[in-house]
Amino acid sequence: MGVVDYGPFGDYVLPFQIETPGIRGRLVRLGPAVEAIAGPDRYPPAVAIILAETLAMGAVLASGLKYDGIFTLQLQGDGPVDMVMMDLRSNGDMRGYARFDADRLAAGSIVASGPVPRLIGAGQMLFTVDQGPNTERYQGVTPLEGATVGECAHAYFHHSEQVQTAICLAAADASLPQERPRAAALMLQRLPAAAPEGVIDPFLSDSDDDWRRAVALLSSVSPAELLSADLDDERLLFQLFHEDGVRIYRQRPLRHRCRCSQHQVEVTLRAFPKAEIEALMVDGRITVTCEFCKLTYAFDAPALDRLYATR
Ligand SMILES: [Zn+2]
């Protein structure tokens, strides 16, 4: 196998502004992070794709929020893939995983069109922003309505009183020959036309036509273009929005990094009575596997004694 060529896919978010007043956007492209989190060695293709899309969507949503902490996006349902989750720290560290029942997945018993109903089933989408102790936790919950992850997001924005938002998502099927794990998201948001009373701000537009036109241009992008390693960001965005002009800001890097640690696992174990933990021992050891990065932490009896002694 040769060197992986991700082209412009280096794990980042690129904010931009369409010169049409009041419309801003963001482009997310993920390559190495998708390979690490949702690579074909970890998941069956359909699960890898839905996880990769969730990573891109979470990244594009989180990057529009001002927060100092952890943004989490979860899709939960009653299907063979009952949980797809990602989180992103404000410093750019991201991780994610999908939980699935391999037998149910292989049986493919759910007859439904679209990956979300078929894989995740009926359920909900949750967004949370956790900024640490003594801060209010923001949470948004919405039923899963849509055939794809992108459609579910649209339904959320449609129902909520949020800023008008349009998103295009794409993820490569890395199980195909010549394909690499990668995902992309392109999002437009209409800024609220809020100006101080009595002031007419010429830079803020509340023209529905402008917004509809921008969304139509956004919708004209194909998944292949979003994922193309040959189409760099500038070319992609100018190709779409050149008539209005587009101003591109600086890339913000993202990266795959898990937050699990020996210390954190110890704290979790200590929250349970020692006898309960000991009852779970297999071959004289208790092992805890991080759901995100699959790293395993093992404790034998002396290690548990030490752990509970320092309580
Ligand atoms: Zn981990």
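## Lining of the largest pocket

The lining of the largest pocket divides into 4 nonpolar, 4 polar and 4 charged residues. Here Ala, Val, Leu, Ile, Met, Phe, Trp, Tyr, Cys and Pro count as nonpolar, Asp, Glu, Lys and Arg as charged, and the others, Gly among them, as polar. The model is predicted: local features need pLDDT of at least 70, side-chain atom pairs count only at pLDDT 80 or more, and totals for chains, interfaces and linings use all residues. Residues are numbered from 1 along each chain as its sequence is written, and side-chain values use heavy atoms, with hydrogens and water left out.

The lining consists of Pro15, Phe16, Gln17, Arg24, Gly25, Arg26, Ser63, Gly64, Leu65, Lys66, Tyr249 and Arg252. Strands E1 and E2 are the elements that give two or more residues to this lining. The volume of the pocket is about 250 Å³. A pocket is an open set of points on a 1 Å grid over the protein atoms alone, where a 1.4 Å probe fits, with protein on both sides within 12 Å along at least five of seven lines; lining residues have an atom within 4 Å of a point. The volume is the space filled by probe spheres set on the points, which are joined across faces, edges and corners.

## Strand E2 and its partners

Strands (E, at least two residues) and helices (H or I, at least four) are DSSP runs numbered from the N terminus; two strands pair if DSSP finds at least two bridges between them. E2 (residues 23-30) runs antiparallel to E1 (residues 12-18), and 7 bridges join the two. Tyr12 has Arg29 in E2 as its bridge partner. The hairpin of E1 and E2 has 4 residues between the strands, and Gly22 takes a positive phi near 85° there.

E2 also pairs with E9 (residues 183-190), in the antiparallel sense, over 8 bridges. Arg26, listed in the pocket lining, has Met187 in E9 as its bridge partner.

## Zinc site

The zinc ion has the SG atoms of Cys258, Cys260, Cys290 and Cys293 as protein donors, at 2.2 to 2.3 Å. Donors are N, O and S atoms within 2.8 Å of the metal (3.2 Å for Na, K and Ca). Angles of 101 to 117° among the 4 donor atoms make the site tetrahedral, a class that requires all angles to lie between 85 and 135 degrees.

Along the chain the donors follow the spacing C-x1-C-x29-C-x2-C. Cys260, in the loop between strand E12 (255-256) and helix H9 (262-270), and Cys293, in the loop between strands E13 (285-289) and E14 (296-300), are 33 residues apart. Cys260 is buried at 17% relative accessible area, whereas Cys293 is partly exposed at 22%.

Key. Tetrahedral: all angles 85-135°; square planar, octahedral: opposite > 155°, others 65-115°. Buried < 20%, exposed > 50% of the residue type's maximum accessible area, 1.4 Å probe, protein only.
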